[in-house]
Amino acid sequence: MEKKGDETEQRRAGSGTDPEGCRETVTKFLRQAREGMRLKQQEQQAHADSFSDSDDELLLLGLSEMALDMEKPSTLKGTGFVYDEIFTKHMNLWDLNYPEKPQRISQPYSRCCELGLVDRCIRVGICHCMEDQILLVHNMSMIETLQSTSNLTQDELMEFSKKYDSVYFHPSTYECSLLAAGSTVELMEKILKKQIRNGFALVRPPGHHAMAEEFCGFCYFNNVAIAAKHAVDNLQLKRVLIVDWDVHHGQATQQMFYNDPRVLYFSIHRYEYGVFWPHLRESDYDFIGDGEGKGYNINVPLNKTGMRDYDYLAILQQILMPVAYEFDPDVVIVSSGYDAAVGDEKGEMLITPVAYAHFIHMLSSLAEGRVCVALEGGYCMKSLTEGIALTVRSLLGDPCPILPPMEEPCDSVTESILNVIKMLRPYWKCFQYQGLEMTCPFPGVNEMPPREGIEFITAENKPKEYPLFYNYPQRVEERYSGDRWDKMIDKLISETNLTVPPNRTCLAYDEEMRCHNNTSMVRHPEKPDRITSIFKKHEAFGFLERCLRVESRQADRTELEYVHSSSHVDFLMSLNDKLPMEMRDLEKKHNSVYFCNETYYCASLAVGCTLNVVDTILSGKALNGVAIVRPPGHHAGCDLSMGFCFFNTVAIAARFAQKKYNIKRVLIVDWDIHHGNGTQDMFYNDPSVLFMSLHRYDHGIWYPSSKDGDYNMVGTKGGEGFNVNIPWNEGSMGDAEYIAAFQQIIMPVAYEFAPELVLVSAGFDAAFGDPLGHYEISPVGYAHMTHMLSSLANGKVVLVLEGGYNLVSISNCMAACTSVLLGDPCPHWAYKPPKDSAVNSIQNVIGTQKKYWKSLKFAVGLPDIGGMGAKVKVISDETDAISVQIGTVLKEGDNSQEPKGLTEQRQDYAEVHTSKDMHQLADHFQNITVGGEVDSASNMADSTNTGSSSEGGAAGGRQLKENSSMKLLKKMEAEGVEQMYAVQPLPWCPHLEHVTPVPTKGLNTSDPCEECGNVGENWVCLVCYKVYCGRYVNEHMVIHWETENHPIVLSYADLSVWCYGCDNYVHNDIIQPAKAAAHISKFNEPLPGI
């Protein structure tokens, strides 16, 4: 657990994106600023009120100093592209219809040329892989064996091919394999040297099945594994992320990094509980790495065919991206197979080519965009060709073609996702949104693999000889015969919009908007310099030269009345002729606004400029846009000016897009620190506009101080569910909390909604240093949020300035967003876990919204794997080891402070390595306590290390007596037990003599705790038959044991029996009557077997 977080924090210490580091820097500047002010005052003999020695003034000066040192955002461009006709030489001489054939790269290359993609790329020459690089993952015999095939006859090649699973040899195989591996390494090196930003290696043969000592599955040298190993061993990279979305599990890549924490291997693959090739037990979700690499191997097994885009997107949203952000890779290498694409006979999945563009876009937020993609599988020529083209297009920075509204992820993939989270949450802090429950509503999550009746391939049973010809099962051939799939793919291609506007980003700004000014309060935070400062920052970074400048104009009355009443427009127009005293009187009648004669002019100018940005984008002249405008607008209501706002600019822009361009679905994301109450009101019953707001709430105290900003405000009538509030309540939120909210709520819901236009109420008063907001979002955090939103609506994203009152902060933050819109890489962000209060807020929102949005279905309770039958397995290899997994360390007193679910302290894993001898195993068990509240199906319990002060036991048991576990193991050995569960219930214990007969009235499992009235996790004492709550509630049964010395208790949740005296579960005939009585009460039927 600690190794990941500590390493990241140490490596990133002092980073400018770290709020703690920022505080240290600001403190330094405060000291320097105070000294500078004193010197300046002495030299100039300034008036006493010319300077303020307050921390606010000094902080502003300090941040201004910091801004001078800020680097201009990286504009590294260039996508590398590897291809050569020589790769087509490798072919099957005796089976020309073999799936792995030369056309797999020649046809995609032609399509990329047709779309003009190759000309836009930087060609990277092919090169042979060096022997020492191959030896990083393969042995010398592999090289020599493959080299020897270069001179064999066809008959000899055929005979030789029979030795390997799904492999053929050709005289050119050795050279093509050397070039495929070497070119992949070369492409990665150029990315790491910043000669290019990213790249695609259109090479073959593929590699991810090639093992250290064996060719397998069309693969000879493991291209991606060689590159990754070279990166960490020779180039000294700290962390490499390998993402493998080929439909077959890359078992060889997994094996090569299984105990290496420097390489995180992530695989999504068809599995069907082990029935699908390569038929390996190790391809399941519970294989998570070993030794130091435990937690760094992630398998997402797909147990049914027909998975669609929304199933895969859920995997990326729920698992891959949160873990990847936390892992913080230096480079991302993709084993990019396209055999999960629609029409592929091998995969039988339904992933569209467009989805691959979205996958790449998501990964491009990592490692400052350093993404190296290498071709693996893919055997349907049409979908393979289009999938590769759209991958390259995404690497080039073209917008992701819009996906249709995402449907509900199927229950099968939901079980897979939850099972992965169940296994990995002890290792990754990002998994905090599923509770700890006895059972999960998805049945497959309550079991541990493998399924009974599955025969896996092992070293002992694998075939001695393999077929030379590749034949699909008859069922598959029949399903994929005819032109059905070609027609489907052609339709997908024809419906995909690949047009790219001539301009990337348009920008609106007009100096005239400075005219709105508060003459009576010079230091009012909503001041003209806000837009001037932002504009100058854009100019300094060279963005103005890269943007299309949009003409400014005032909005006309018709446009203003899209959302405002005629009387409201009249009132603001009347300000033109008001005297200062009249306007002061009017201000007293309004909430947090000031008026001047130019207010209407500037407010309508802000709206008009924004509408011109929207017009420019929807007319196809620019991809996205930025409106540097003021005054802000998101608090303005139909008839109301408040919160510095007069006309609701973003709301008007949404209606403008709908009326002029017939836009059906508009997404408004409001990240201003204040709730956009005005915008919410205008669309509260409108399903065509999805309003999502992240804001400081503080239980309704924070401005605008209304319950309207709470998470339970979801919309009304047809708009119910189309209003999503994410209110923050305690603590100062920053990048970690906002990015978590985007990952868990904003993006899943947005993909399900599928907007045609994204409007951002881009307030920057949640930025670090803001005098009103006091939050800690960095420019980097805003950049990443912008990048995520850019995958939506075919890239049609408009940022409209709202609040933000530190001139330096807002300038840097909006510039960072514009940089991303212009296509610059996302800056590096160092992961930090979100605050507990933020996790609680996110959970509240998901709990409320998941009835409307099926992409949020993953917020369910998960069982504790420490109690699900994690077995003590005798490993039959040369190490002759026994691995014992024990889990759930909850430090005494800590659990009351955490949100429902988990913290990084929830589970800890330990391993015991010893011989098969049960006496030696017992010696190790002297240091293990067995306990924990667990699933009834297995009667398993959590375990804690007695070296800590941790509690164990289903209802809060204490430490195990020193020799009880040793006695237990010896007794079981005497009974002939050679293999056991880590927490197998005791068949007998000396405290059973305390059990008394069940009362004549029986038991009532609905009885509340006699102390606190809890009706959840309750236990009944089998001595006195009093009912008390368990450890994870108020510990009243623990207290009962300690005060009354009644040791045997029965769980009303799962009917397991716990002995405090032995600190273990017990299963004996003496307690069967109590279990039977409880079973009748709970299920209204007799206990089976009684």
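Helices (at least four residues) and strands (at least two) are DSSP runs, numbered from the N terminus. The model described here is predicted. An open sheet of eight strands, a contact between two helices and 11 cavities of 30 Å³ or more are its topics below.

**Cavities**
- Helix H14 (381-395) and strand E11 (622-627) each supply at least two residues to the lining of the largest cavity.
- The volume of this largest cavity is about 270 Å³.
- Its lining has 22 residues, and those closest to the centre are Arg197, His361, Gly397, Arg504 and His787.
- By class, the lining of the largest cavity holds seven nonpolar, 11 polar and four charged residues.
- The second largest cavity has a volume of about 160 Å³, and its lining residues include His361 and His787.
- Helices H12 (309-327), H13 (353-363), H26 (735-753) and H27 (779-789) each give at least two residues to the lining of the second largest cavity.
- That lining has six nonpolar, six polar and no charged residues.

**The sheet**
- The strand order is E2-E1-E3-E8-E7-E4-E5-E6, with parallel pairing.
- Strands E2 (122-123) and E6 (297-302) stand at the edges with a single partner strand each, so one side of each has no neighbour in the sheet.
- Strand E4 (residues 240-244) pairs with strand E7 (residues 331-336) over five bridges, and valine 243 is opposite valine 334 in E7.

**Helices H7 and H9**
- The axes of H7 (residues 140-148) and H9 (residues 173-192) come within 7 Å and cross at roughly 135 degrees; the two helices are therefore oblique to each other.
- Ile143, Leu146 and Gln147 in H7 meet Thr173, Tyr174 and Ser177 in H9.
- This contact has three nonpolar, three polar and no charged residues.

Definitions and conventions: Residues are numbered from 1 along each chain as its sequence is written. This is a predicted model: local features need pLDDT of at least 70, side-chain atom pairs count only at pLDDT 80 or more; totals for chains, interfaces and linings use all residues. Side-chain values use heavy atoms; hydrogens and water are left out. Axes are lines fitted to C-alpha atoms, for helices over the stretch in contact, and angles run from 0 to 180 degrees between N-to-C directions. Angles under 35 degrees count as roughly parallel, over 145 as roughly antiparallel, 65 to 115 as roughly perpendicular and the rest as oblique. Contact means heavy atoms within 4.5 Å. Ala, Val, Leu, Ile, Met, Phe, Trp, Tyr, Cys and Pro count as nonpolar, Asp, Glu, Lys and Arg as charged, and the others, Gly among them, as polar. Two strands pair if DSSP finds at least two bridges between them. On a 1 Å grid over the protein atoms alone, a cavity is a set of points where a 1.4 Å probe fits but cannot get out, and a pocket is an open set with protein on both sides within 12 Å along at least five of seven lines; lining residues have an atom within 4 Å of a point. Grid points are joined across faces, edges and corners, and a volume is the space filled by probe spheres set on the points.
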